[in-house]
Amino acid sequence: MLSFDGIKKKLISQSEYPVFLRKKGVVIGEDREIYRSANFGGEPYLITVGNHVRINGGVQLVTYDERYWVLRDRKAGYEEKLRNADWFGRITIYDNVHIGTNAIIMPGVDIGENCIIACGAVVTHNVPANMVFGGTGQMYRDIGYHLEVLFLEAVE
């Protein structure tokens, strides 16, 4: 069953979506394109989006890591130590970034300026400026290399 916010999100226009997100606490820069199917999680106030950023459909911005849920169980043996454990982390997306369809950005991640995050990537660590990131874990490629490949393909 959809919540009121879920229904509202489906009904608002694409151009009004950033206004909706700002009301939820997301800090959003100018000249951005954010698809409505992007999910800003349960703590959107922990997310900052810079200028000239595109967040494609299906992107998940996860500000809460739920792994402690398993560890808090009596069977795991950590019930007493982790009874109240939770982990929240800010997500900061700097200027001039493209985040591809269905990418997942985990808590505590900074994505530097001039970055491309590939479709379906799972970003668990910070991505330095001027990088292309794809896959899971830490698969980086300098954006200069990426531009050279694109240039060579265009020339051929």
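Thr 92 is placed in strand S8 of this predicted model. With a relative accessibility of 15%, Thr 92 counts as buried, because the limit for that class is under 20%. Apart from neighbours within four places in sequence, the contacts of Thr 92 are with Thr 48, Val 109, Asp 110 and Ile 111.

The protein as a whole contains 4 helices and 16 strands. Of its 156 residues, 34% are buried. When contacts between residues at least 6 apart in sequence are considered, 24% of them join residues at least 24 apart.

In soluble globular proteins, nonpolar side chains tend to be buried together. The largest nonpolar core in the model has 30 residues, and the members that touch the most others are Phe 40, Ile 55, Ile 93, Ile 99, Ile 111 and Ile 117. Two or more residues of this core come from each of helix H2 (17-23) and the strands S3 (47-49), S4 (53-55), S8 (91-93), S9 (97-99), S12 (115-117) and S14 (131-133). H2 gives the largest share, 3 residues.

A separation of 8.6 Å was computed between the C-alpha atoms of Leu 61 and Pro 44, which are 17 residues apart along the chain.

Asn 56 is found in the loop between S4 and S5. Asn 56 counts as buried because its relative accessibility is 12%. Not counting residues up to four places away in sequence, Asn 56 touches Tyr 35, Ala 38, His 98, Ile 99, Gly 100 and Thr 101.

A pair of aromatic rings is described by the distance of the centres and the angle of the planes. The search of the whole structure gave 2 aromatic pairs. In one of them, Tyr 17 and Phe 20, the ring centres are 5.9 Å apart and the planes are at 20°, so the pair is stacked. Tyr 17 counts as buried because its relative accessibility is 1%. Phe 20 is also buried, because its relative accessible area is 11%.

For Tyr 64 and Phe 88, the ring centres are 4.8 Å apart and the planes are at 35°, so this pair is tilted. Tyr 64 is in strand S6 (residues 64-65) and Phe 88 is in strand S7 (residues 87-88), so the pair ties together parts that are 24 residues apart in sequence. Phe 88 has a relative accessibility of 42% and therefore counts as partly exposed. Besides Phe 88, the residues that Tyr 64 touches include Glu 43, Arg 72, Asp 86, Trp 87 and Pro 107, not counting residues up to four places away in sequence. The C-alpha atoms of Tyr 64 and Gly 89 are separated by 6.5 Å, although these residues are 25 residues apart along the chain.

Rolling a probe the size of a water molecule over the atoms shows where empty space is left. The volume of the largest pocket is about 160 Å³. The lining of this pocket consists of Asp 31, Arg 32, Glu 33, His 52, Val 53, Arg 54, Asn 96, Val 97, His 98 and Cys 115. At least two of the lining residues are supplied by S4, and at least two by S9. By type, the lining divides into 4 charged, 3 polar and 3 nonpolar residues. Two of the strands named for the core, S4 and S9, thus also take part in the lining of the largest pocket.

Conventions
Residues are numbered from 1 along each chain as its sequence is written. This is a predicted model: local features need pLDDT of at least 70, side-chain atom pairs count only at pLDDT 80 or more; totals for chains, interfaces and linings use all residues. Side-chain values use heavy atoms; hydrogens and water are left out. A nonpolar core is a set of buried Ala, Val, Leu, Ile, Met, Phe, Trp, Tyr and Cys residues joined through side-chain atoms within 4.5 Å. Buried means under 20% relative accessible area, exposed over 50%, partly exposed in between (1.4 Å probe, protein chains only). Contact means heavy atoms within 4.5 Å. Rings of Phe, Tyr and Trp (its six-membered ring) pair if their centres lie within 6.5 Å; planes under 30 degrees apart count as stacked, over 60 as edge-to-face and the rest as tilted. On a 1 Å grid over the protein atoms alone, a cavity is a set of points where a 1.4 Å probe fits but cannot get out, and a pocket is an open set with protein on both sides within 12 Å along at least five of seven lines; lining residues have an atom within 4 Å of a point. Grid points are joined across faces, edges and corners, and a volume is the space filled by probe spheres set on the points. Ala, Val, Leu, Ile, Met, Phe, Trp, Tyr, Cys and Pro count as nonpolar, Asp, Glu, Lys and Arg as charged, and the others, Gly among them, as polar.
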